[in-house]
Amino acid sequence: MRAAAAAALLVAAQPAFAQPTDTAVKAAFLPRFAKYVTWPPAAMPRAGDAFNLCVIGGDPFGTMLDGAARSQSIDGRPITVRRMGTAASIDSCQIAFVDGSRSGQIIAAIGRKPVLTVTDARSGGPRGIIHFVVDGGRVRFFIDQSSASQRGIAISSRLLALALGVRQ
Amino acid sequence: MTPVERVTSGWRSAPIAIFGLALLILLAGVGVIIQNEWTYDHARVEQTQALSDILAATTAAAVDFDDPAAAQQAVDGFRMNKQVRRIAVYRRDGRVMAGYKRDGTPLRPTLATMRPPGANVIRVKSPIVQAGQRIGTVTLDIDREAPFRRLSRYFVLAGLFVLAALVVASIGLAQAQLRRANRELGSRAEALAQANVLLEEQMEERAKAEDQLRQSQKMQALGQLTGGIAHDFNNQLTVIQGSADILTRPELPDEKRIRFAQAIVQSATNAASLTSQLLAFARRQPLKPERIDLNDLIREMRDLLDRTMGERIRIVTDLYKLPCRVEADRAQLQSAILNIASNARDAMKDGGTLTIRTRDAGEGQDGKPLVALAIEDTGEGMSPEVLDRIFEPFFTTKRTGKGTGLGLSQVYGFATQSGGEVEVDSKPGEGSTITLVLPCIDADALAEAEAPEPEASDQPPARILVVEDNEDVGAFAETLLSELGHQVTRASSGEEALDIARRTEFDVVLSDVVMPGMGGLKLAEVLGREQPELPVVLATGYSQEIVESGSGGRPVILKPYRLATLSEALAGAMRR
């Protein structure tokens, strides 16, 4: 079931992968979050510029993420995947997937900047605003709404409805 | 065309109009229903579309993140709505992701294999769009309408139709009945009019017949009256004529002359009494009212009654102490009592008892106390037929020559003229009671009128003006007065008398009352103004004027008058 669902989800973006993995599902999810989140105007890219999805630290996705990002657009803007080692140029990012052994430092460095941080329970690091888990063989996520609102980020109730848990 | 017909013909076109109207109403009703149906359907589709759109929006994230559980949760929220038959959420590639069917059967796996909706189902589709991209489809089937609702709509339709039909039927029925009633009314009115005309004709005929009857009765009464008068007068005139014839014979001994003269006087007296009674019945006799105690009057009359009744009749008086006196003409009252008594005597041929009673008779309509004088006999009594006629003048049950038929007429005339009445109570074989009921007079209403009559004495010669339009009576009066030594001047009219009186001095005027031109009363009035010292004596057979308005205090003598009466009246007038 999960395999079928993942395959269906990725059929347009990743026709090459017949067996979608949890990683592939997460890669498909990441660009989609943008459609259910509203940033403060100052944090948005300038008119005509692309939407930035940054992968900071480790990159478990590879080209899967690029494919997923290409199939999505936010209000007509394309989504660009940027990979970086540190949080130095975090100001250009709207979404930041933080992974790897230095994830704690990176999160701390991002601090209270209006960036939708996404983390993965698999890496055992600190939690971002959205935190992937695998539950019952399915990729699910928690949402820390309180942390989001501290940063001026509003999350759609429809996304909240899909979360395994919401921290108010 | 009568008005009734006009009205009904106006109604004749009504059923068509009403039917047309009802049809119009029915069509309008159907139109409204169709329109309603269409609007309802349209609204229903819109409603369902909105529901579906909402579902599409709420399941967008679930589809986006391929979360069938979340999608199913959103879909399950619609189970509350019982009209929803089927909901399905499809992924972008058309595979079903969530949904249910009301009947519990499983959904077909893809959008393409979905069965077409039934006739009573509204199916709508909404795309699931996220950020401008179509990511899936929602389909929603809903009942077009509940069966009972459709049924009720048919009921409304049927009800409308029945109502319209009922209206048409009842109006038509009422109209027909109205027309029938109108027709009936018309014919009845006509019949009534005919009956009315007939009735009026009959009434007219009847009135005519009654008039004729009255006329013939009047003629009969008149015939009876004149016959009676002629009969009685002829008797008296026979005596007078015969006696006068004998008196004209020469060498008649004085003793015979005196006897025949007395016979003439007696007959004339009888004739005068006859006319007096006649006038009393006609109520034209001037009455000379006095205050009379009925009991005293009866005691005074006792001797007279005894003599009149004869030996075989016992007279009993039962006199009650009366509270008051009556006002009546003494002579007329006596005459009335005698008339009743003599009738009683004639009714008791084999003797009997005459009872005269007086009693208190209560009060009259004007509150005046009444007294009654009842005369009761033990005679043969009267039949109802006789009772009906006893007051008619000249009606008599006695043999010709035995009665005048004026007795009870006089009683009736006297009683009514005195303000009272006569009651008769009689049955054949049980005697008769005739009761005179007379009103009392107030104790001090009338001064004692019984002034002593001055003694008649020889008159000194006087200058007398005699006014009389009748030549014979005038000549007779002149002869009488001249015989008494008076100086007499005659005038034949009121005007002439006035003329003479203005030129010549007189001691007294004797005037007839009824004359052409200036009457006696008028003459007396003018003379009274011009020569207040000149007394006037009025003489009359009867005078409606005097009966009605009196003589103005002047002495009145009644014709026929005797020498002594005339002389006394003139002397009395001159003494005043």
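Please keep in mind that the model is predicted. Chain A and chain B touch each other, with 15 residues from chain A and 14 residues from chain B taking part. Chain B also holds an open sheet of five strands.

**Where the chains meet**
- On the side of chain B that touches chain A, helix 2 (residues 14-64) of chain B gives the largest share, five residues.
- Sorted by class, that side of chain B has six charged, six nonpolar and two polar residues.

**The open sheet of chain B**
- The strands of chain B follow the order 6-8-9-11-10, and their pairing is mixed.
- Strand 6 (313-319) and strand 10 (421-426) of chain B are the edge strands, each pairing on one side only.
- From one strand to the next, the twist averages 20°.
- Six bridges join strand 10 of chain B to strand 11 (residues 432-439) of chain B, and this pair is antiparallel.
- To look at one spot, find B:V422, whose bridge partner in strand 11 of chain B is B:L436.
- Helix 9 (residues 407-417) of chain B lies across strand 10 and strand 11 of chain B, and runs at about 135° to strand 10 of chain B.

**Helix 3 of chain B**
- The buried residues in helix 3 (residues 68-76) of chain B are B:P68, B:A70, B:A71, B:A74 and B:V75.
- These residues sit on the same side of helix 3 of chain B because they cover an arc of only 160° around the axis.
- Their cover includes helix 2, strand 1 (84-91) and strand 2 (96-101) of chain B, together with helix 6 (157-162) of chain A.

Conventions
Residues are numbered from 1 along each chain as its sequence is written. Chains are lettered from A and ligands numbered from 1 in the order in which they are written. This is a predicted model: local features need pLDDT of at least 70, side-chain atom pairs count only at pLDDT 80 or more; totals for chains, interfaces and linings use all residues. Two residues are in contact if their C-beta atoms, placed from the backbone, lie within 7 Å. Helices (H or I, at least four residues) and strands (E, at least two) are DSSP runs, numbered from the N terminus. Ala, Val, Leu, Ile, Met, Phe, Trp, Tyr, Cys and Pro count as nonpolar, Asp, Glu, Lys and Arg as charged, and the others, Gly among them, as polar. Two strands pair if DSSP finds at least two bridges between them. Axes are lines fitted to C-alpha atoms, for helices over the stretch in contact, and angles run from 0 to 180 degrees between N-to-C directions. A residue is buried if 20 or more other C-beta atoms lie within 10 Å of its own, exposed if 12 or fewer, and partly exposed in between; C-beta atoms are placed from the backbone. The arc is that of the directions from the helix axis to the C-beta atoms.
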